[in-house]
Amino acid sequence: MRGFLPPSPSNQPEAAFFWRKAAEHELWLPRCEECSRFHFYPRGHCPHCHAKAIEWKAVCGLGTLYSFVIVERAPVAQFGQAVPYAPCLVDLDEGVRMASHIDVGGGTLDNLNIGARLKVAFTKTRNGMTIPSFKAA
């Protein structure tokens, strides 16, 4: 893997705190003050009980690999130097499923398995923004 530089996500107002903490290499998630459940992606209300009382909590960043795919052919020219890379879904220990990608740190994608334990890492995007990624725990 040659160093995957993902595109930058859009920065919505509800997610500003999330991205600020990611830039500090910390993973924080929104949590409903009414039903006490975490959720992801950040939004102005709880998707479980629809309450608007949301607080932010630091989380451990550990989870289980739910799904992944290894992309070996660049879908667009900007990804040409990045292949192969592995977008994934991770079930965090806090009960939310998060879309991300696997950071193998110059290693190989050959040993990925559904159910593998992962921990959060952080990756710079093409424009310098920091986003959560995951690597073997």
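**Rings and cores: worked exercises**

W28 counts as buried because its relative accessibility is 19%; the cut-offs are under 20% relative accessible area for buried, over 50% for exposed and partly exposed in between (1.4 Å probe, protein chains only). Residues are numbered from 1 along each chain as its sequence is written, and side-chain values use heavy atoms, with hydrogens and water left out. Keep in mind that this is a predicted model: local features need pLDDT of at least 70 and side-chain atom pairs pLDDT 80 or more, while totals for chains, interfaces and linings use all residues.

**Exercise 1.** Work out how many aromatic pairs there are, and which class F17 and W28 fall into.

*Solution.*
- Start with the rule: rings of Phe, Tyr and Trp (its six-membered ring) pair if their centres lie within 6.5 Å, with planes under 30 degrees apart called stacked, over 60 edge-to-face and the rest tilted.
- Counting that way gives 4 aromatic pairs.
- For F17 and W28, the centres are 5.3 Å apart and the planes at 85°, which makes the pair edge-to-face.
- F17 belongs to helix α1 (residues 16–23) and W28 to strand β1 (residues 28–32), 11 residues apart. Helices (H or I, at least four residues) and strands (E, at least two) are DSSP runs, numbered from the N terminus.
- F17, at 22% relative accessibility, is partly exposed.
- Ring pairs also bring in W56, giving a cluster of F17, W28 and W56.

**Exercise 2.** Explain why the F18–F40 pair is tilted, and find where its two residues lie.

*Solution.*
- The ring centres are 5.4 Å apart and the planes meet at 55°, so the pair is tilted.
- F18 lies in helix α1 and F40 in the loop between β1 and β2 (54–58), so parts 22 residues apart in sequence are tied together.
- F18 is buried, at 2% relative accessible area, whereas F40 is partly exposed, at 23%.

**Exercise 3.** Find which residues touch the most other members of the largest nonpolar core.

*Solution.*
- A nonpolar core is a set of buried Ala, Val, Leu, Ile, Met, Phe, Trp, Tyr and Cys residues joined through side-chain atoms within 4.5 Å.
- The largest one has 25 residues, and W19, L27, L92, I102 and F134 touch the most other members.
- At least two residues of this core come from each of α1, β4 (87–92), β6 (117–124) and β7 (130–136).
- Another core, of 5 residues, lies apart from it, with V71, A82, V83 and Y85 among them.
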